[in-house]
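Please keep the structure open beside the text while reading.

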Amino acid sequence: MRLRLFAAIPLTFLASHGVDAARLKRDDIHALLSAPIGGIVEITEAPVGENKSAPIRLERFEIYAPDARTILMTPKGEVELPRSKSRHFRTITGDNNGLRMSLSIEPDKRTVSGVLISDSDGTYALTGSMNGSDSIELAIAKSDDAGGGEPAVWQCGGQGDGGLKASNGFELPNAVFDATSPLIAAEPMLESPLSKSTLAASRNATVMIETDNEFLAQKFGGNQTDAETYLSNLFAAMNVIYERDIDVTLLKGFTRLWSAGTPDPYSQQPTAANQSNPCGSIRGEQLDEFGNYWQLNEAARTPRAFVAMLSGKM
């Protein structure tokens, strides 16, 4: 017996200084938060571009690998952190005529973020938070629009509030990758109640996340919950691209955060910023240091397709 959850979610469009917006009402939010893994929520008037709406079916999906753990390294040792409470949704394969969407809702703060990709209209960022006590206003901004119709200008992480970081909600810290094993085929451990024909991808890749002191301290002010929510929402957004384009679902595996006062094993620094290169650059020594450390000290951390490092040094 397959479990399916349907809920009709009407959205009312609002004017927002050149940025399209929609509103999720109390019943809409309840339907999203109540959907089980594999459950389907049907949005009858979803934003699909500038001044456009259309019906969309969203499936709630899991971004964590079954054995995923997040640990915080402290002066007293490892502390295991809880998983993010965010619920993640994606458009269903075969629906929507070239439209892809991820939507992540955080139940405690009632915040929403996501990505909308249209083959015809481009890429949009979706962001929103509780408006009063009964709705979430969902802003829809073109990924290359900094607001007010002005084009976004790329900025280094942490430089002000404008540019792509502000508009897309998923600004990536510098990431480097260490491929350690081939992608693995999708297995029954996903426990999806949907039929195989509706699964978004036929393969899974478990991605482990390494960080440094600067990532938690400078990107999130030391807030571990915000960092974990960011990472889970990031995986949901990345899968909008990976599932369709290379037929693979990225699952968040083992993740390590480093608290202030706990030395991490990464001492190499990026090249210094200058007038011609205002953000600096990743150096080969950083890549070597990261790869060598994991090959020598973390080879037993499996299964994984690869490990990514998110650094706050730049």
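What follows covers salt bridges and then a nonpolar patch.

The structure is a predicted model, and a search of the whole of it finds 13 salt bridges. Among them are a pair formed by arginine 69 and glutamate 80, a pair formed by aspartate 108 and lysine 85, and a pair formed by arginine 244 and aspartate 245.

**Salt bridges between distant parts of the chain**

- Arginine 69 forms a salt bridge with glutamate 80, and the closest N and O atoms of the two are 3.4 Å apart.
- This pair links distant parts of the chain, since arginine 69 sits in the loop between strand S5 (52–61) and strand S6 (70–74), while glutamate 80 belongs to strand S7 (residues 77–81), 11 residues apart.
- Arginine 69 counts as partly exposed because its relative accessibility is 32%, and glutamate 80 is likewise partly exposed, with a relative accessible area of 49%, where the exposed class begins over 50%.
- Aspartate 108 forms a salt bridge with lysine 85, with the closest N and O atoms 2.8 Å apart.
- Here too the pair links distant parts of the chain: aspartate 108 is in the loop between strand S9 (99–106) and strand S10 (111–118), and lysine 85 is in the loop between S7 and strand S8 (87–91), 23 residues apart.
- The two partners fall into separate classes, because aspartate 108 has 51% relative accessibility and so counts as exposed, whereas lysine 85, with a relative accessible area of 47%, is partly exposed.

**A further pair and a network**

- The side chains of arginine 244 and aspartate 245 meet in a salt bridge, with an N to O distance of 3.2 Å.
- Arginine 244 counts as partly exposed at 45% relative accessibility, and aspartate 245 counts as partly exposed at 44%.

**A nonpolar surface patch**

- Ile241, Tyr242 and Ile246 make a nonpolar surface patch of about 240 Å².
- Isoleucine 241, one of the residues of this patch, lies in helix H4, which spans residues 224–245.
- Isoleucine 241 counts as partly exposed because its relative accessibility is 40%, and that value therefore passes the requirement of over 30% relative accessible area that applies to patch residues.

Methods
Residues numbered from 1 in each chain as written. Predicted model: local features only at pLDDT ≥ 70, side-chain atom pairs only at ≥ 80, totals over all residues. Heavy atoms only, no water. Patch = residues over 30% accessible without salt bridge, like charges linked within 9 Å, V, L, I, M, F, W, Y side chains within 5 Å. Areas by Shrake-Rupley, 256 points an atom, 1.4 Å probe, with all protein chains shown as cover. Salt bridge = Lys/Arg side-chain N within 4 Å of Asp/Glu carboxyl O. Helix = DSSP H or I, 4+ residues; strand = E, 2+ residues; numbered from the N terminus. Buried < 20%, exposed > 50% of the residue type's maximum accessible area, 1.4 Å probe, protein only.
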